[in-house]
Amino acid sequence: MSDRLDLLFRAPRVITAAGEVARCVGVRDGRIVVIEPIGAQLDAEVVVELGDDEVLIPGLVDTHVHVNEPGRTEWEGFASATRAAAAGGVTTIVDMPLNSIPPTVDALALDVKRRVAADQAYVDVGFWGGAVPGNVPDLRALHDAGVFGFKCFLLHSGVDEFPPLDPAELELALKEIAGFGAMMIVHAEDAHAIDRATSPGGENYADFLDSRPRGAENLAIAEVIELARWTGCRVHILHLSSSDALPMIASARKDGVKLTVETCPHYLSFVSEEIPSGATQFKCCPPIREAGNRELLWQGLADGVIDCVVTDHSPCTVDLKRFDIGDFGVAWGGIASLQVSLSAVWSEAKRRGHSLNDVVRWMAENPAEQVGLNTKGHIALGYAADFAVFAPEEAFVVDAAALQHKNPVSAYDRRALAGVVRSTWLAGKRIDLDEAPRGRLLSRGMA
């Protein structure tokens with residue numbers, strides 16, 4: 001009886017390092033301890049037999065989530081965000097240092113956020129710190145307190161309490177965090193280029209797109225690359241939307257610059273030519289661009305220039321989207337997608353001939369590796385028993401009002417998607433949204 005497992009999956013389809021295979025996956029004390037052929041004679045307290053239409057995949061790791069609590073909890077909150085994550089097969093999120101009040105720019109603010117998040121999390125939650133003007137002396141203390149790295153903006157962030165860094169301040173922060181081996185993640189759009197662009201106001205999406213030109217993104221990324229080269233700091237480019245930047249990113253990596261890059265489901269799903277007038281649910285920064293740009297982003301993923309796909313889940317209340325006037329200039333910029341991200345990416349990936357293994361690499365393995373969660377993102381011996389049971393051939397139509405997100409606003413509303421998450425498992429136990437949450441608050445180096 002001492003060999004009895006806590007949980008055993010018998011699955012004809014499992015995503016492992018060997019590809020999609022039939023396996024038994026056994027769990028004890030929240031860890032994967034057995035991976036055997038599907039016919040292996042194994043015993044467990046709980047045995048789950050998966051159907052031929054189901055695939056056992058590792059729980060997704062979403063390293064770009066705006067939870068907005070405390071301070072703007074009416075926008076989302078830890079309870080609703082982590083419920084949405086669990087419903088979408090995401091077992092780990094890393095929370096951004098804004099748009100909470102206070103922003104996570106010193107150790108005291110991190111402590112406030114952790115106390116608020118405690119006992120609300122249905123999945124595991126980590127935290128980013130923020131780099132803002134004047135807080136270089138606070139960065140080491142935040143690092144020592146367990147943040148996974150530091151986020152900065154190069155232009156107005158959208159909220160006044162999280163101001164951007166100018167080039168000199170960015171270099172100073174990069175030098176500081178390079179000294180203790182941390183990572184800077186950057187919202188890379190050049191403020192001066194955008195200041196000189198056209199006005200974003202009105203109902204016409206093309207006008208909004210012109211107000212956030214890809215040149216502003218390209219210029220900022222080039223600057224970040226050179227500062228990373230000079231300082232030796234690890235940097236990560238957030239929410240890449242401009243495919244123009246892919247060649248310089250690839251070149252910088254060949255030169256040894258410590259650089260990783262993400263994109264988001266909305267840049268891989270939508271195209272600017274199809275966004276209706278006044279449809280501000282599609283507003284985000286940087287913006288959704290043209291169809292040709294989307295295909296080049298997909299190619300960047302296929303080539304390995306883009307490392308991962310994470311949501312940049314950035315919800316708000318219905319009124320802030322200004323559906324009453326449909327003005328892209330004044331509506332809040334952000335897309336809520338945490339619960340539907342896996343299905344959204346899979347829907348587009350399979351159309352282009354990508355496998356579920358590819359999607360798992362982009363949405364679980366690589367994000368976990370980026371932030372040092374060395375026992376997450378894989379179904380492998382010794383790893384955390386975090387899983388999603390996914391039915392890739394089943395389809396559904398998104399109903400924003402039925403999602404676990406706090407506010408019923410999503411660019412995916414009424415969109416038909418492929419792939420349904422049938423259950424999500426954290427540390428070897430199925431997540432039941434009707435029960436008390438049991439996610440952990442993570443610090444860098446845990447898990």
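Me: At what angle do helix 11 and helix 12 pack, and how far apart are their axes?
Reply: In this predicted model, helix 11 spans residues 341-351 and helix 12 spans residues 356-370. The two helices pack at an angle of about 135°, and their axes are 10 Å apart.

Me: Which term describes the orientation of helix 11 and helix 12 to each other?
Reply: Angles over 145 degrees count as roughly antiparallel and those of 65 to 115 as roughly perpendicular, with under 35 taken as roughly parallel and the rest as oblique. The angle here is about 135°. Helix 11 and helix 12 are therefore oblique.

Me: Is the crossing of helix 11 and helix 12 left-handed or right-handed, and how many nonpolar, polar and charged residues does the contact have?
Reply: The crossing of the two helices is right-handed. Ser 341, Leu 342, Val 345, Trp 346 and Ala 349 of helix 11 meet Leu 356, Val 359, Trp 362 and Met 363 of helix 12. By class, the contact comprises eight nonpolar, one polar and no charged residues.

Me: What is the strand order of the open sheet of three strands, and what is its average twist?
Reply: The order of this sheet is 6-7-8, with parallel pairing. Strand 6 (60-65) and strand 8 are the edge strands, each pairing on one side only. From one strand to the next, the twist averages 20°.

Me: Which residues stand opposite Leu 60 and Val 94?
Reply: Strand 6 and strand 7 run parallel and are joined by four bridges, and in this pairing Leu 60 faces Val 90 of strand 7. Strand 7 (residues 90-95) is also joined by four bridges to strand 8, again in parallel. There the residue opposite Val 94 is Gly 126.

Me: Which residues of strand 8 point one way and which the other, and are they buried or exposed?
Reply: In a regular strand, side chains alternate between the two faces of the sheet. In strand 8 (residues 124-127), Asp 124 and Gly 126 point one way, while Val 125 and Phe 127 point the other way. All of these residues are buried.

Me: Where does Ser 80 lie, and which residues does it contact beyond its neighbours within four places in sequence?
Reply: Ser 80 belongs to helix 1 (residues 78-87), a helix that lies across strand 7 and strand 8 and runs at about 140° to strand 7. Its relative accessibility is 10%, so Ser 80 counts as buried. Leaving aside neighbours within four places in sequence, its contacts are Gln 404 and Lys 406.

Me: Which residues stand opposite Phe 387 and Val 397?
Reply: Strand 15 (residues 387-397) pairs in the antiparallel sense with strand 5 (residues 55-58) over four bridges, and Phe 387 faces Pro 58. Eight bridges join strand 15 to strand 16 (residues 416-426), also antiparallel. In strand 16, the partner of Val 397 is Ala 416.

Conventions
Residues numbered from 1 in each chain as written. Predicted model: local features only at pLDDT ≥ 70, side-chain atom pairs only at ≥ 80, totals over all residues. Heavy atoms only, no water. Pairing = 2+ DSSP bridges. Buried < 20%, exposed > 50% of the residue type's maximum accessible area, 1.4 Å probe, protein only. Contact = heavy atoms within 4.5 Å. Axes fitted to C-alpha atoms, helices over the stretch in contact; angles between N-to-C directions. Left-handed = near helix turned anticlockwise from the far one by under 90°. Nonpolar A, V, L, I, M, F, W, Y, C, P; charged D, E, K, R; others polar.
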